[in-house]
Amino acid sequence: MSSITIPVKVNDHPYIRPLNVLRDLSAVADLIELCFSSTMDHDGQRYLSDMRRASHDDSFLSWASHMSETASLPMAGYVWEQDGRIVGNASLIPFRDHGKRVYLIANVATHPEYRRRGIGRSLTECSMKKAGDKNASAVWLHVRDDNPGAIKLYEGLGFQVVASRTNWQAVPDRFLSIPRSDIQIGTRSPRFWSLQQDWLRRLYPDALSWYHAWNFNALRPGLWNWFYLLFVDFNIKQWAAVRNDELLATLTWMPQGGRSEPLYAATGEGSNDEALTQLLIHVRRVLVNHSSLSLDYPAGEMTDAIRSAGFRARRTLLWMCA
């Protein structure tokens with residue numbers, strides 16, 4: 001972790017105190033909704049609903065455990081309490097990355113009436129200091145690419161952009177028309193696994209696997225892997241776009257129980273846009289039992305191909321690390 005001077009001392013600050021998960025969850029949920037409601041999706045709304053429910057009953061442990069499968073308890077962070085109410089928040093969530101502790105700073109929010117007072121910066125500094133006290137190997141956060149003020153703030157605190165990811169979403173539609181093409185769409189053949197694996201490693205970097213839990217070993221062909229997936233009842237579907245026996249792109253659906261079913265595309269640096277478009281349209285036609293499909297992809301890559309398949313960019317996040 002970078003060497004950064006943290007001027008804020010929690011014990012000496014009149015308005016900053018550690019988050020109390022038994023008392024503050026409802027107020028923090030209200031603040032997060034106030035600040036981010038315009039960009040919040042269904043999963044975000046469910047997240048807030050779970051926070052509020054946890055603040056009123058004994059479901060907190062259940063809520064926190066499914067909030068992030070790799071996060072440790074208890075949930076920590078800091079709030080800014082002024083004039084008898086919580087007007088600022090920064091959550092601090094621990095993860096493990098190859099056995100090392102890393103922290104994610106999330107939900108950095110300031111009430112609109114209290115902005116431009118350095119509240120977000122002070123809360124972030126406190127969270128960074130706490131992570132440093134816990135001997136974290138790195139501190140992470142993500143910020144929307146259309147929030148230049150926050151980006152500048154985090155860069156001033158020593159964070160650097162590691163990755164830029166766009167989340168695309170579309171609704172299944174069995175009646176979509178498929179453009180005429182000589183590209184063939186079918187089940188991914190085992191012989192394409194090696195190339196597909198190389199493409200996946202590039203597009204879904206190991207640097208972010210601690211958060212996204214990307215594990216593509218389940219896609220590996222073989223009888224033993226097939227028996228394992230059958231035993232754990234893990235349903236995976238894979239498709240390939242092929243022309244003249246040459247692999248152009250693959251697309252994988254790995255359900256995770258959320259409202260937006262995740263897709264994972266694999267393409268080479270020189271892959272044909274049309275191949276990915278054909279795959280995405282095909283999947284929108286066949287996965288009709290799901291309310292929404294979601295694709296996480298490096299920002300700026302294959303944008304025309306993804307849009308041509310009817311997907312819309314929901315947000316682009318910059319992943320930053322200090």
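User: In which loop does His98 lie?

Analyst: The model is predicted, so to read it note that local features need pLDDT of at least 70, that side-chain atom pairs count only at pLDDT 80 or more, and that totals for chains, interfaces and linings use all residues. Residues are numbered from 1 along each chain as its sequence is written, and side-chain values use heavy atoms, with hydrogens and water left out. Helices (H or I, at least four residues) and strands (E, at least two) are DSSP runs numbered from the N terminus. In these terms, His98 lies in the loop between E3 and E4.

User: Is His98 buried or exposed, and what is its phi?

Analyst: Buried means under 20% relative accessible area and exposed over 50%, with partly exposed in between (1.4 Å probe, protein chains only). His98 has 64% relative accessibility and therefore counts as exposed. Most residues other than glycine have a negative phi. His98, although not a glycine, has a positive phi of about 55 degrees.

User: What is the phi of Arg116?

Analyst: Arg116 is placed in the loop between E4 and H4, and it counts as exposed because its relative accessibility is 87%. Arg116 is a residue other than glycine, yet its phi is positive, near 65 degrees.

User: How far apart are the end C-alpha atoms of helix H4 (residues 119-133)?

Analyst: The expected span of a helix is 1.5 Å times one less than its number of residues. The 15 residues of H4 should therefore span 21 Å, and the model agrees with this, since the end C-alpha atoms are apart by 21 Å.

User: How far apart in space are Leu157 and Arg121?

Analyst: Leu157 is found in the loop between H5 and E6, and it counts as buried because its relative accessible area is 3%. Gly156, placed in helix H5, is exposed, with a relative accessible area of 54%, and its C-alpha atom is 9.6 Å from that of Arg121. Leu157 and Arg121 are 36 residues apart in sequence, while their C-alpha to C-alpha distance is 8.4 Å.

User: At roughly what angle do the axes of helix H1 (residues 25-36) and helix H2 (residues 42-54) cross?

Analyst: Axes are lines fitted to C-alpha atoms, for helices over the stretch in contact, and angles run from 0 to 180 degrees between N-to-C directions. The axes of H1 and H2 come within 8 Å and cross at roughly 160 degrees.

User: Which residues of H2 make the contact with H1?

Analyst: Angles under 35 degrees count as roughly parallel, over 145 as roughly antiparallel, 65 to 115 as roughly perpendicular and the rest as oblique. The crossing angle of roughly 160 degrees therefore makes H1 roughly antiparallel to H2. H1 contributes Leu25, Val28, Ala29, Asp30, Ile32 and Glu33 to the contact, and H2 contributes Gln45, Leu48, Met51, Arg52 and Ala54.

User: How far apart in space are Ile281 and Ser177?

Analyst: Ile281 is found in helix H9 and counts as buried because its relative accessibility is 6%. Not counting residues up to four places away in sequence, Ile281 touches Leu176, Ser177, Ile178, Pro179, Ser308 and Ala309. Ile281 and Ser177 are 104 residues apart in sequence, and from C-alpha to C-alpha they are apart by 8.2 Å.

Note on methods
Contact = heavy atoms within 4.5 Å.
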